[in-house]
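Q: Could you walk me through this structure? I would like to begin with one loop and then move on to the helices.

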Amino acid sequence: GPTGPTGPHRPSLCFRVVQEANDGVIRAIEERSMSGRLQLLRPMDVVLRLAAICFSIAFAWYGLSTWLLQLFQEVGLKHRYITAIAYALSGVPGCVLAILLRCMEPPKLLAFWLLLTALSCLSISLIKRPSGDDSGPRPFFAALCVCLFNSVATAVFNVLTTVWGAPFSASLRPFALGTLSVCMRLGSIVAQFVDGALVHGHISEMALVPAVLLGMSAVACWGIILPK
């Protein structure tokens, strides 16, 4: 074997070369992974808009649906369970309309349905507690408003599935959808506390809060641009 001064150090030199190469590969993988996460944060405006939309529609739908029977009791509706069945069935027209109405871009269509949902919440806020005579049109108006709300909110959920993953690449889409799902879950949790505190005697405020959130979300939709 070699007897020069470099001979005994040749194995350690080869080891360092291999180790540096491995370290370079590891750093490249980490950089690619980090750059992928940063790519999700670059369109921060789109992420925030979608997060607000997911939070708002979950806050509105899960909140009102959870406290639906209590709301019927507050407005003096006698046939609460029959109306609850009608409320559940009212989602079918929303699904059909969301499928048939494809006359505009998905973000604009989502904004349209969000605006209708906000208006339906405003109609719910007009419901007043009975003052002694329940023979008036108030119970029917209450049932009509909540069924209308559920129908257009169902359309929002259907159109949202075509919008919320489109701005992201295929590799980042699961991470993005998971993040937006967390926002939706947070909205449903917060709604339980807010609506639970307002359902007794504050029906107008209970419906106005989601109406404002949904109106702001409808405006936010106009700034979402999907890739071609």
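Q: Where is Gly201 found?
A: Gly201 sits in the loop between helix H8 (173-198) and helix H9 (203-221). Helices here are DSSP runs of H or I with at least four residues, strands are E runs of at least two, and both are numbered from the N terminus. The model is a predicted one, in which local features need pLDDT of at least 70, side-chain atom pairs count only at pLDDT 80 or more, and totals for chains, interfaces and linings use all residues. Residues are numbered from 1 along each chain as its sequence is written, and side-chain values use heavy atoms, with hydrogens and water left out.

Q: Is Gly201 buried or partly exposed?
A: Gly201 counts as partly exposed because its relative accessible area is 33%. Buried means under 20% relative accessible area, exposed means over 50%, and partly exposed is in between, with a 1.4 Å probe and protein chains only.

Q: How many residues along the chain separate Gly201 and Glu74?
A: They are 127 residues apart along the chain, and their C-alpha atoms are separated by 7.4 Å.

Q: What does the secondary structure of the whole protein come to?
A: The protein has nine helices and zero strands. Of its 228 residues, 39% are buried.

Q: What share of the contacts comes from residues 24 or more positions apart?
A: Such pairs account for 82% of the contacts with a separation of 6 or more. A contact means heavy atoms within 4.5 Å.

Q: Moving to helix packing, at what angle do H2 and H6 cross?
A: The axes of helix H2 (residues 44-66) and H6 cross at roughly 35° and come within 12 Å. Axes are lines fitted to C-alpha atoms, for helices over the stretch in contact, and angles run from 0 to 180 degrees between N-to-C directions.

Q: Which residues make that contact?
A: H2 contributes Ile53, Ile57 and Leu64, while H6 contributes Leu110, Leu114, Thr117, Cys121 and Ile124.

Q: Is the crossing of H2 and H6 left-handed or right-handed?
A: The crossing of H2 and H6 is left-handed. A crossing is called left-handed if the near helix is turned anticlockwise from the far one by less than a right angle, and right-handed if clockwise.

Q: Is Ile124 buried or exposed?
A: Ile124, which lies in helix H6, is buried because its relative accessible area is 0%.

Q: What does Ile124 contact beyond its neighbours within four places in sequence?
A: Ile124 is in contact with Leu64, Leu71, Cys145, Val146, Phe149, Ile203 and Ala207, leaving those neighbours aside. Its C-alpha atom is 8.9 Å from that of Met206, which is 82 residues away along the chain.

Q: And where is Val156 placed?
A: Val156 belongs to helix H7 (residues 138-163). Val156 is buried, with a relative accessible area of 0%. Not counting residues up to four places away in sequence, Val156 touches Ile57, Leu110, Trp113, Leu114 and Thr117.

Q: On a new topic, how many salt bridges does the structure hold?
A: The structure holds one salt bridge, that is, a side-chain nitrogen of Lys or Arg within 4 Å of a carboxyl oxygen of Asp or Glu. The side chains of Glu105 and Lys108 meet in a salt bridge at 3.7 Å, N to O. Glu105 counts as partly exposed, at 45% relative accessibility.

Q: Finally, which residues make the nonpolar surface patch?
A: Val92, Val96, Leu97, Ile99, Leu100, Leu101, Met104 and Phe112 make a patch of about 690 Å². Patches are made of residues with over 30% relative accessible area and no salt bridge, with like charges joined within 9 Å and nonpolar side chains (Val, Leu, Ile, Met, Phe, Trp, Tyr) within 5 Å. Accessible areas come from the Shrake-Rupley method with a 1.4 Å probe, and for residues only the protein chains shown count as cover.

Q: Which helix gives the most to the nonpolar patch?
A: Helix H5 (residues 91-100) gives the most, with five residues. Met104 lies in the loop between H5 and helix H6 (106-125), and Met104 is partly exposed, at 36% relative accessibility.
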